[in-house]
Amino acid sequence: VQFVSFEFLTKLVHNAMLYDSRIPTVHFICGGLAACSATVTVQPLDTLRTRFVAQGEPKVYRSLWHAVVTMYRNEGPLSFYRGLSPTLVAVFPYAGFQFAFYNIFQRICEWAVPSREAWMVNVENLVCGSGAGVISKTLTYPFDLLKKRLQVEGFEQARTAFGQVQTYNGFLDCAYQVARTEGLRGFFKGLSPSMLKAAISTGFSFFWYELFCNILGNHKERLEYQQHLRHTTPSQ
């Protein structure tokens, strides 16, 4: 969803506006909007995943279907979108920085090594994507932490095994309580493994994205060339 939306938006900018769709600023805006559309689509699944990870013993949810039914009955349909506001606030700059820094790193590589072989381009895509993922994750991690804190609200009984259970009255109250009780470092708890995950996942996301784009582009060029030959070759 994200990459499809990104391609659509960049083409829209290129065809309908005077802006160059290849500059980092356009990639930041289009990447952020594309990520927001993908986030709204998969937010219920992300909330369910977070709750399964966060629940202690005894388990509140026995299965995925049981979790869906329980949340819908006890908390209503909006419970699947808990934490959506900070998620959108976080995901727009996060994805925007990913696409923008990926574009910047690629420009640096093209400037540093103008002529590259195909395998070097693939490695470059992987490295540029990893670097973009680490930077974007570091810059937006506090929003991700607040999102997860809000997502686990509503089933405090499953969290009692982990000690004190904190409740929040919205996004701003969550940010205030984290700052008051845990300090500035509290916003970056768990950053190191998240950076490692971002480096691997983002790097391979851009790697496979560029690889399949090249494969499909080459296949399209071959088909167009074959059609051109059929139209230009005189019939016997």
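Contact means heavy atoms within 4.5 Å. The structure is a predicted model, in which local features need pLDDT of at least 70 and side-chain atom pairs count only at pLDDT 80 or more, while totals for chains, interfaces and linings use all residues. Residues are numbered from 1 along each chain as its sequence is written, and side-chain values use heavy atoms, with hydrogens and water left out.

View 1. Phe3 belongs to helix α1, which spans residues 2–16; helices (H or I, at least four residues) are DSSP runs, numbered from the N terminus. Apart from neighbours within four places in sequence, Phe3 is in contact with Phe99, Ser205, Phe206 and Tyr209. The C-alpha atoms of Phe3 and Ala34 are 7.1 Å apart in space, although 31 residues separate the two in sequence. With a relative accessible area of 24%, Phe3 is partly exposed; buried means under 20%, exposed over 50%, and partly exposed in between (1.4 Å probe, protein chains only).

**View 2. Packing of helices α2 and α3.** Helix α2 (residues 24–54) packs against helix α3 (residues 64–75) at an angle of about 105°, and their axes are 11 Å apart. Therefore α2 is roughly perpendicular to α3, a class that covers angles of 65 to 115 degrees. Axes are lines fitted to C-alpha atoms, for helices over the stretch in contact, and angles run from 0 to 180 degrees between N-to-C directions. On the α2 side the contact is made by Thr47, Leu48, Arg51 and Phe52, and on the α3 side by Leu64, Ala67, Val68, Met71 and Glu75.

View 3. Side chains of opposite charge can pair when their charged atoms come close. A salt bridge is a side-chain nitrogen of Lys or Arg within 4 Å of a carboxyl oxygen of Asp or Glu, and the whole structure holds 6 of them. One joins Arg51 to Glu75, at 2.8 Å from N to O. Arg51 lies in helix α2 and Glu75 in helix α3, so this pair ties together parts that are 24 residues apart in sequence. Arg51 is buried, at 0% relative accessible area, whereas Glu75 is partly exposed at 23%. Another salt bridge links Asp46 and Arg49, whose closest N and O atoms are 2.8 Å apart. Both Asp46 and Arg49 lie in helix α2, 3 residues apart, or about one turn of the helix. Asp46 is buried at 15%, and Arg49 is partly exposed at 40%.

**View 4. The Lys137 and Asp144 pair.** The side chains of Lys137 and Asp144 form a salt bridge, at 3.8 Å from N to O. Lys137 is buried at 13% relative accessibility, and Asp144 is buried at 15%.

**View 5. Packing of helices α5 and α6.** Helix α5 (residues 118–151) and helix α6 (residues 171–182) pack at an angle of about 110°, their axes lying 10 Å apart. This makes α5 roughly perpendicular to α6. Phe143, Leu145, Leu146, Arg149 and Leu150 of α5 meet Phe171, Cys174, Ala175, Val178 and Glu182 of α6.

**View 6. A nonpolar surface patch.** Leu196, Ile200, Phe204, Trp208, Phe212 and Ile215 make a nonpolar surface patch of about 610 Å². Patches are made of residues with over 30% relative accessible area and no salt bridge, nonpolar side chains (Val, Leu, Ile, Met, Phe, Trp, Tyr) being joined within 5 Å and like charges within 9 Å. Accessible areas come from the Shrake-Rupley method with a 1.4 Å probe; for residues, only the protein chains shown count as cover. Phe212 lies in helix α7 (residues 191–232) and is partly exposed, at 47% relative accessibility.

Methods. Helices (H or I, at least four residues) and strands (E, at least two) are DSSP runs, numbered from the N terminus. Angles under 35 degrees count as roughly parallel, over 145 as roughly antiparallel, 65 to 115 as roughly perpendicular and the rest as oblique.
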